[in-house]
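Keep the sequence and the 3D view at hand as you read.

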Amino acid sequence: MASEVAARRDAKKLVRSPSGLRMVPEHRAFGSPFGLEEPQWVPDKECSRCMQCEAKFDFLTRKHHCRRCGKCFCDKCCSQKVALRRMCFVDPVRQCARCALVSHKEAEFYDKQLRVLLNGAPFLVTFGDAEKPEAVVCRLSNNQRFLLLDGDGHREVEVAHICTVQLLTEGFAPGGGSRATGMSLQYSVPGAEGLSQLRLMAGEEASASRRQSTAWLVAMHKAAKLLYESRDQ
């Protein structure tokens, strides 16, 4: 029964919008917390010139809408077709140069860091004010909606309810900069007052799983930036 409910929640459907074909959740409430809504297009009648180079639109200079920001551009300023995973487009879509650059950077997250988060990593986790940490494996659920923590028991943190993410660092990494050693998360729990907190700490420096845990922390920090951006849209 539980598996049937989960399957319904993860079910998706194809929809066509003016921007292109999208594969979206059947139930909007079960969408990825990293997702972005399609923008409202600037009306054609309000846009007589390219919003980048100011070229005047006419019979030869046609206007195009960027699928990410919804603004009007000439073909020269909006010629790139780039994958836009955060809006669930099936195929690459037309974007202006600025938005295309952002989407290219996000593609690295979806192609690399997301896989790291889904695979999970081992941590010592302290829940709230507990004195003794627990050994758990933390991973992102396949629908990207929950952090799953499995050790002696099972706990879930809804990603959409995470309020703050602080990367804990120390020393210097071989390539320069600080080395990630842990992470502090604050999140809300429906029906509970105030915020809950947990702290993830990577294992000892010499442990074989340390690199895996560090990679997961860095990936989660990047995911948090996407999460904040989706809320600010």
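About 630 Å³ of space lies in the second largest pocket of this predicted model. A pocket here is an open set of points on a 1 Å grid over the protein atoms alone, where a 1.4 Å probe fits and protein lies on both sides within 12 Å along at least five of seven lines. Its volume is the space filled by probe spheres set on the points, which are joined across faces, edges and corners. Which residues lie nearest the centre of this second largest pocket? They are Arg-68, Cys-99, Val-102, Glu-106 and Glu-229, out of 25 lining residues (those with an atom within 4 Å of a point). Helices H2 and H3 (210-232) are the elements that give two or more residues to this lining, and H2 gives the most, with nine. Helices (H or I, at least four residues) and strands (E, at least two) are DSSP runs, numbered from the N terminus. By class, the lining has 12 nonpolar, three polar and 10 charged residues. Ala, Val, Leu, Ile, Met, Phe, Trp, Tyr, Cys and Pro count as nonpolar, Asp, Glu, Lys and Arg as charged, and the others, Gly among them, as polar.

Now for the largest pocket, with a volume of about 990 Å³. It's lined by 36 residues, and the closest to its centre are Pro-25, Gly-31, Ser-32, Gly-35 and Cys-88. At least two lining residues come from each of helix H1 (2-10), strand S1 (12-17), strand S2 (20-25) and H2. S2 supplies the largest share, four residues. Here the classes are 17 nonpolar, seven polar and 12 charged residues.

S1 and S2, by the way, are partners: they form a hairpin and pair in the antiparallel sense (strands pair if DSSP finds at least two bridges between them). Lys-13 stands opposite Val-24 in S2.

On to the sheet. Seven strands make up an open, antiparallel one, in the order S10-S9-S8-S7-S13-S12-S11. The edges belong to S10 (154-158) and S11 (162-170), which have a single partner strand each, so one side of each is left without a neighbour in the sheet. From one strand to the next, the twist averages 30°. Strands of a sheet pair through backbone hydrogen bonds, either parallel or antiparallel.

Thr-164 has Gln-186 in S12 as its bridge partner.

| Hairpin | Pairing | Between the strands |
|---|---|---|
| S1 and S2 | six bridges | two residues |
| S7 and S8 | five bridges | six residues |
| S8 and S9 | four bridges | five residues |
| S9 and S10 | five bridges | three residues |

In the S7 and S8 hairpin, Ala-121 stands opposite Cys-138 in S8, and Gly-128 in the turn has a positive phi of about 60°. Moving along, Arg-139 has Leu-148 in S9 as its bridge partner, while Gln-144 in the hairpin of S8 and S9 takes a positive phi near 65°.

Angles run from 0 to 180 degrees between N-to-C directions of axes fitted to C-alpha atoms, for helices over the stretch in contact (heavy atoms within 4.5 Å).

How far should you trust all this? The chain's mean pLDDT, the predictor's confidence in each residue from 0 to 100, is 88, and 90% of its residues reach 70 or more. Among the elements, H1 has the lowest mean, 54, and strand S4 (residues 72-73) the highest, 97. Where pLDDT is low, the predicted coordinates should not be read in detail.

A last bit of housekeeping: residues are numbered from 1 along each chain as its sequence is written, and side-chain values use heavy atoms, with hydrogens and water left out. Since the model is predicted, local features need pLDDT of at least 70 and side-chain atom pairs count only at 80 or more, while totals for chains, interfaces and linings use all residues.
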